Amino acid sequence: MAIRKVIRMGHPTLRKIAELVPLSELKTPEFKQLLIDMYETMKHEGGIGIAAPQIDVSKQVTLIELPENNSRYGDLEGTPLMVIINPVIKDLTTEHQGFWEGCLSVPGLRGFVERPKKVQIDYVNEHGEPKQIIAEDFLATVFQHELDHLFGKLYIDRITDTTKISYNEEFSQFVNAHPDDQLDE
C-alpha cells in the first residue's frame with residue numbers, strides 16, 4: 001500500500017484523455033495495487049473521489065465514496081465505495097444545479113460550477129461487470145467532477161462566472177454558501 005503524490009493543475013497528465021483499461025488488466029496485481037493506492041491516497045487527502053490521472057496514471061478509473069454522517073456535506077446520504085472503469089456519461093436532463101467545488105489537484109481554491117442535475121453512467125466495476133448508475137443532485141455533481149478528470153478537464157474549466165472562484169480561506173470568511181453547496185473532491 002502506498003499513498004501517491006497528487007499532481008496539480010499545470011501537470012500535462014491532467015489535460016490528457018486517459019486510456020481505456022483493457023478488461024484483461026483488471027485481474028493483474030498491478031491494477032489491484034493501483035486501486036489500493038488510489039483509495040489510500042483519497043483517504044489521506046480527505047477526498048470523496050479520486051481519478052487515476054490525479055496520481056499521474058493515465059487510465060480511465062476513478063473511485064467515489066461518500067461517507068455516512070459527514071458533517072462537511074450536511075445530511076447527504078452516503079454511498080459505498082464505487083470503482084468506475086471506462087465510463088460513458090449521458091445527461092438525463094437539461095436542468096442544471098450549482099455547487100462550490102474543490103479539487104485535490106487544484107489545492108487551495110473553490111469555484112462555483114453548474115452541471116446537469118441528473119446523469120447516467122455506464123461503466124465496468126473492478127470485477128469487469130457492466131454497471132449502470134443514475135445519479136441525481138449532489139451525487140451527479142460528484143460523478144461529473146470525477147469523470148471530467150478522465151477526459152482532461154478540471155472543474156475550473158466549467159466555471160462560467162469568474163467572480164465565483166475563491167481561495168479556501170476567503171471562501172470560509174466571505175462567501176455565504178450553504179454546506180450542502182460544497183463539493184470537496
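Predicted model: local features only at pLDDT ≥ 70, side-chain atom pairs only at ≥ 80, totals over all residues.

Me: OK, so which residue forms a salt bridge with glutamate 25?
Reply: Lysine 59 does, and the closest N and O atoms are 2.9 Å apart.

Me: Which parts of the chain does that pair tie together?
Reply: Glutamate 25 lies in the segment before H1, while lysine 59 is in the loop between strand E1 (49-51) and strand E2 (61-66), so the pair ties together parts that are 34 residues apart in sequence.

Me: Is glutamate 25 buried or exposed?
Reply: Buried, with a relative accessible area of 19%. The cut-off matters for that call, because buried means under 20%.

Me: What does glutamate 25 touch?
Reply: Leaving out residues up to four places away in sequence, glutamate 25 touches Phe31 and Lys59. Its C-alpha is also 9.9 Å from that of glutamate 126, which sits 101 residues away along the chain.

Me: How many salt bridges does the structure hold?
Reply: Nine. One of them joins arginine 4 and aspartate 37, with the closest N and O atoms 3.0 Å apart. That pair links distant parts of the chain, 33 residues apart: arginine 4 is in the segment before helix H1 (29-45) and aspartate 37 is in helix H1.

Me: What about arginine 158, which residue is its salt-bridge partner?
Reply: Aspartate 148, with the closest N and O atoms 2.8 Å apart. Salt bridges that share partners join Glu101, Arg115, Asp148 and Arg158 into one network.

Me: Buried or exposed, that aspartate 148?
Reply: Buried, with a relative accessible area of 8%. Arginine 158 comes out as partly exposed at 34%.

Me: Since we're at H2, how many of its residues are buried?
Reply: 13 of its 14 residues, so H2 is mostly covered. H2 reaches 21 Å from its first C-alpha to its last, close to the 20 Å expected at 1.5 Å a residue. What follows H2 is glycine 152, with a positive phi near 75°.

Me: Switching topic. What order do the strands have in the five-strand sheet?
Reply: The order is E1-E2-E3-E6-E7, an open sheet with antiparallel pairing. E1 and strand E7 (130-136) are the edge strands, each pairing on one side only. On average, neighbouring strands are turned by 35° against each other, direction ignored.

Me: How many bridges join E1 to E2?
Reply: Three, and the two strands run antiparallel. For instance, isoleucine 50 has leucine 63 in E2 as its bridge partner.

Me: Which strands of the sheet does H1 touch?
Reply: H1 packs on the sheet and touches E1, E2 and strand E3 (79-91), with its direction at about 40° to that of E2.

Me: Last one: where's tryptophan 100?
Reply: In strand E4 (residues 96-103). Tryptophan 100 counts as buried at 9% relative accessibility. From tryptophan 100 to serine 166 the C-alpha distance is 9.6 Å, although the two are 66 residues apart in sequence.

Definitions and conventions: Residues numbered from 1 in each chain as written. Heavy atoms only, no water. Salt bridge = Lys/Arg side-chain N within 4 Å of Asp/Glu carboxyl O. Helix = DSSP H or I, 4+ residues; strand = E, 2+ residues; numbered from the N terminus. Buried < 20%, exposed > 50% of the residue type's maximum accessible area, 1.4 Å probe, protein only. Contact = heavy atoms within 4.5 Å. Expected span 1.5 Å × (residues − 1). Pairing = 2+ DSSP bridges. Axes fitted to C-alpha atoms, helices over the stretch in contact; angles between N-to-C directions.
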